[in-house]
Amino acid sequence: MTAYLYTFLCALAISLVATPLMRALALKINAVDHPDTRKVHSHPIPYLGGLAIYLAFVISALSAYGLFLGIQSHPSLWALLVACLIVVVLGLYDDLKGSSAWIKFFAQTVASLIVIYAGIRIEVINIPLFDQIELGIWAWPVTCLWLVGLCNAVNLIDGLDGLAAGVCMFAILSIFSSSIRWGGGEVALLCSALVGSLLGFLRYNFHPARIFMGDTGALLLGFLLGVISILSASKSTSGVAILIPITAMGIPILDTIAAIFRRLRKHRRIFLADRDHLHHRLLHIGLSHRQAVILIYLASLYLGTISFAMTFLPSHPRSIIFGILLVSGILILRRWSRLYKASVDDKGP
């Protein structure tokens, strides 16, 4: 546990120092997020917070590997760091200049292929109540879809102060607990580094936020969550281990799925932003900014707790629980959709 505590405190300290420095830099170069009709903040806010998260994670992870695991014995770490650098450069360019959805997709795919080539991939999956499936040659496209999907899922929920950072932190804590249960020391170190980085950033990002993570941070968080979840699943002998991070990340995953179907139903482009996400709907029915964030925090904590509890269950009960959670999530989203429509009708055009 000493290694995990050291990594966490190192990341926390770096994040606490780096975040205000990135805020000052953003203000100096005018890298600020201006309010518009789609956003909920009312004044310009700097958004280079993702760089602080990146620096804290990389420095603390390299330090921890060097002290406790040995960098040379973990070549996949370098592939992960190179891939993260690509994602961060993409996010930074998008924050400063703006980029198309296809450029984002291409860069995310390249980053995903780097870690896949290094051996970080989903080899087997398990459909609840069915046997596990060996992916074979499909491991590459399935893993790529998982990583790119999580990048965009986290980016989509990054709409309220502290929301994306908090939801991801609860998910990572769940994966950390599971990795301790399965003896995944490498995964636990990465989780410790990311949790410390996020907690330090949240000091300045919780409502009212003084800095945003921007696409730089959101895309990086999604990518890291995807990679860490794959590494965590590979440390378990259970064929359904990948269900653990899926459950922990239930909120952004379900919100992304709902957004895709909503836009397809309305004949809109899938990548076109809107104000119909779960956090927008919570605000629309009368919750305050903090209330909406805390409610989603509680839901994420609940799912994270269930995710960790699933590590103590045999395969079939675990699959049944995942199936129940999936159906429940769909029903909850439908309920929120009805409440949202009702609130819109009450307020009128």
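Q: Okay, what is the average confidence of the chain?
A: This is a predicted model, and the chain averages a pLDDT of 81, with 77% of the residues scoring at least 70. Among the elements of the chain, helix H1 (residues 2-28) has the highest mean pLDDT at 94, whereas helix H13 (residues 315-347) has the lowest at 61.

Q: Changing topic, which residues touch the most other members in the largest nonpolar core?
A: Phe223 and Leu225 do, in a core that holds 90 residues, and helix H7 (residues 185-205) gives the most to this core, with twelve residues.

Q: What does Leu225 touch, leaving aside its neighbours in sequence?
A: Leaving aside the neighbours within four places in sequence, Leu225 is in contact with Leu150, Val154, Cys168, Ala171, Ile172, Ile175 and Met249.

Q: Where is Ser174, and is it buried or exposed?
A: Ser174 is in helix H6, and it counts as buried because its relative accessibility is 3%, with the limit for buried being under 20%. Beyond the neighbours within four places in sequence, Ser174 is in contact with Ala248, Gly304, Ser307 and Phe308.

Q: How many salt bridges are there?
A: The count comes to three salt bridges. One of them joins the side chains of Glu123 and Arg121 at 3.0 Å, N to O.

Q: Which residues are linked in a network of salt bridges?
A: Asp94, Lys104 and Asp215 are linked in such a network. Lys104 forms a salt bridge with Asp94, where the closest N and O atoms are 3.1 Å apart, and this pair links Lys104 in helix H4 (residues 101-117) with Asp94 in helix H3 (residues 76-96), ten residues apart. Lys104 also forms a salt bridge with Asp215, with the closest N and O atoms 3.3 Å apart. Asp215 lies in helix H8 (residues 214-234) and Lys104 in helix H4, so this pair ties together parts that are 111 residues apart in sequence.

Q: And is Lys104 buried or exposed?
A: Lys104 is buried, with a relative accessible area of 16%, and Asp215 counts as buried too, at 13% relative accessibility.

Conventions. Residues numbered from 1 in each chain as written. Predicted model: local features only at pLDDT ≥ 70, side-chain atom pairs only at ≥ 80, totals over all residues. Heavy atoms only, no water. pLDDT = per-residue confidence, 0-100. Helix = DSSP H or I, 4+ residues; strand = E, 2+ residues; numbered from the N terminus. Core = buried A, V, L, I, M, F, W, Y, C linked by side-chain atoms within 4.5 Å. Buried < 20%, exposed > 50% of the residue type's maximum accessible area, 1.4 Å probe, protein only. Contact = heavy atoms within 4.5 Å. Salt bridge = Lys/Arg side-chain N within 4 Å of Asp/Glu carboxyl O.
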